[in-house]
Each structure stands twice: as C-alpha cells, then as structure tokens.
Amino acid sequence: MSPNMGYYLSSSFVFFLLAFVTYTYAATIEVRNNCPYTVWAASTPIGGGRRLNRGQTWVINAPRGTKMARIWGRTGCNFNAAGRGSCQTGDCGGVLQCTGWGKPPNTLAEYALDQFSNLDFWDISLVDGFNIPMTFAPTKPSGGKCHAIHCTANINGECPRALKVPGGCNNPCTTFGGQQYCCTQGPCGPTELSKFFKKRCPNAYSYPQDDPTSTFTCPGGSTNYRVVFCPNGVADPNFPLEMPTSTDEVAK
C-alpha cells in the first residue's frame, strides 16, 4: 500500500466516524444542578440517573428520533452501593438508574428530537406537579419558539393546601383524577387549580392539553440543550439548605 493510499484510507475512516457520530446523536443535553442541595437527576428513555451535587453537570447524548423523553430531578434520596433505595420526590421504582417515569410530584423537561418537519419539540411540564425550579434552553437560541423557558416561581411555598405534599406540589390530575383535570376522555380546558401553575410558570404545561403556549421548537439535528435545576442558585423557602444524602450511593 502506498503512503498516499494509507492517508486517504485514514482520512476516509475519520470522515466516516464523524458522519456516524453526527448521524447517531441529534443533540447533547447538559443537565446542571445549581440547587443548594443534592439532586438525583433522572432521564428516560436514555440516560438513567446520576447524582448531582451542587455545581455538578451531566451530559446526555440523545439519538435522532428520540421521543417521549423526559428529564427530572429527584430529591431526598438514599441509595445503597447497588443503586437501590428511594426518593421523597420523583422516585422511579426505587432505583438510581431510571427506566420508567418518576412518581409525582416532579418538574419535567420533555423533548422529542428530529420529528415533524425536522424539528425538535420540547417543553417544561407541570402535569406531574412541581418539585424543583427549572430552566430548559437551547444552547444557541435561534429566534421564534427556539428560546429559553423557565419555571422558577415559589410553587412549593405557595402550593394550595389540597395539592401540597412533602417536598413538592402535586398537579390536580394526580390528586383528584378524572376528565376535568386529566383530559382522559377528550378535550378539556384549564381549571382554577391548573391556573395556579400557569400564572406562576406561563411557559410550562399546567394541564395535559395546554399545548398552544407550552410547546417549543428548534431545528432538529443542529440544536443542543441545557437543563438547569435551581437556575437562580437558590431553592424556594419550602426546602432546607441541604436535602438528605446517602454516603453509600456512588455516582456512576
């Protein structure tokens, strides 16, 4: 083999490798914990889970076509060395590495990548309630509906008594169920309880059919994202400065 042939083969392999990586991953999502306590981040259907102390980050590589995906924070967790335990909010079956959805209440960052018209669709949802303030944003906003969204209000501190639970604030669908709150049997509209969430976080889903003001889009295949817990660096007054942590749990 001539030296030039070897160079071209090596260059072709590098090009193929870069093309493969570009094709495989539609987005990287950086998850950061700015809360003054430990958050056990969770991500499905990819990622699983990761313990994040204050200031720590976790990068998730999301493949093209990923859909029905969600990222959330768990609080008040204790896990053993085998990754088994429990969380006060957001627990996903008693394991560190989540494969299913979390138990309400949990503030959700939801996304579907490279979907209709090659767009990413994403949102913050309070349909499963609220436990942690959150920002969800493209790293390079491109105008229109491709910009940062926030839910940083003091929802836990102001939560209606009927929805208040340890560590968070339930959505009325979780607490009461039924068509009025859950929209399980066709169209439904906002309620006084869902308006409590919408008033404080106008960009977030407050009930299941709250689509027009709550769904955001960015160009698919070229947009990366960042999810930040407690983006202002503080939690609301309902939280102590430090949540309980386990000395046995080891971040993977």
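In this predicted model, the largest cavity is lined by Pro-172, Gln-180, Tyr-181, Gly-189, Pro-190, Thr-191, Ser-194 and Tyr-207, and its volume is about 30 Å³. The lining of this cavity divides into 4 nonpolar and 4 polar residues, with no charged residue among them.

The largest pocket has a volume of about 240 Å³. Of the 13 residues that line this pocket, Met-68, Ala-69, Glu-110, Tyr-111 and Asp-123 are the closest to its centre, and the elements that contribute two or more residues to the lining are strand 5 (69–74), strand 8 (108–112) and strand 9 (119–125). By class, the lining of the largest pocket comprises 8 nonpolar, 1 polar and 4 charged residues.

The structure contains 7 salt bridges. One of them joins the side chains of Arg-226 and Glu-30, with a distance of 3.1 Å from N to O; because Arg-226 belongs to strand 15 (residues 225–229) and Glu-30 to strand 1 (residues 25–33), the pair ties together parts that are 196 residues apart in sequence. Arg-226 is partly exposed, at 34% relative accessibility, and Glu-30 likewise counts as partly exposed, at 25%. A salt bridge also forms between Arg-64 and Asp-114, whose closest N and O atoms are 2.9 Å apart, and this pair links the loop between strand 4 (57–63) and strand 5 with the loop between strand 8 and strand 9, the two residues being 50 residues apart.

Within helix 5 (residues 192–200), Glu-192 and Lys-195 are 3 residues apart, about one turn of the helix, and they form a salt bridge with closest N and O atoms 3.5 Å apart. Glu-192 is exposed at 62% relative accessibility, whereas Lys-195 is partly exposed at 41%. Elsewhere, salt bridges that share partners join Arg-70, Glu-110 and Asp-128 into one network.

Terms used: Residues are numbered from 1 along each chain as its sequence is written. This is a predicted model: local features need pLDDT of at least 70, side-chain atom pairs count only at pLDDT 80 or more; totals for chains, interfaces and linings use all residues. Side-chain values use heavy atoms; hydrogens and water are left out. On a 1 Å grid over the protein atoms alone, a cavity is a set of points where a 1.4 Å probe fits but cannot get out, and a pocket is an open set with protein on both sides within 12 Å along at least five of seven lines; lining residues have an atom within 4 Å of a point. Grid points are joined across faces, edges and corners, and a volume is the space filled by probe spheres set on the points. Helices (H or I, at least four residues) and strands (E, at least two) are DSSP runs, numbered from the N terminus. Ala, Val, Leu, Ile, Met, Phe, Trp, Tyr, Cys and Pro count as nonpolar, Asp, Glu, Lys and Arg as charged, and the others, Gly among them, as polar. A salt bridge is a side-chain nitrogen of Lys or Arg within 4 Å of a carboxyl oxygen of Asp or Glu. Buried means under 20% relative accessible area, exposed over 50%, partly exposed in between (1.4 Å probe, protein chains only).
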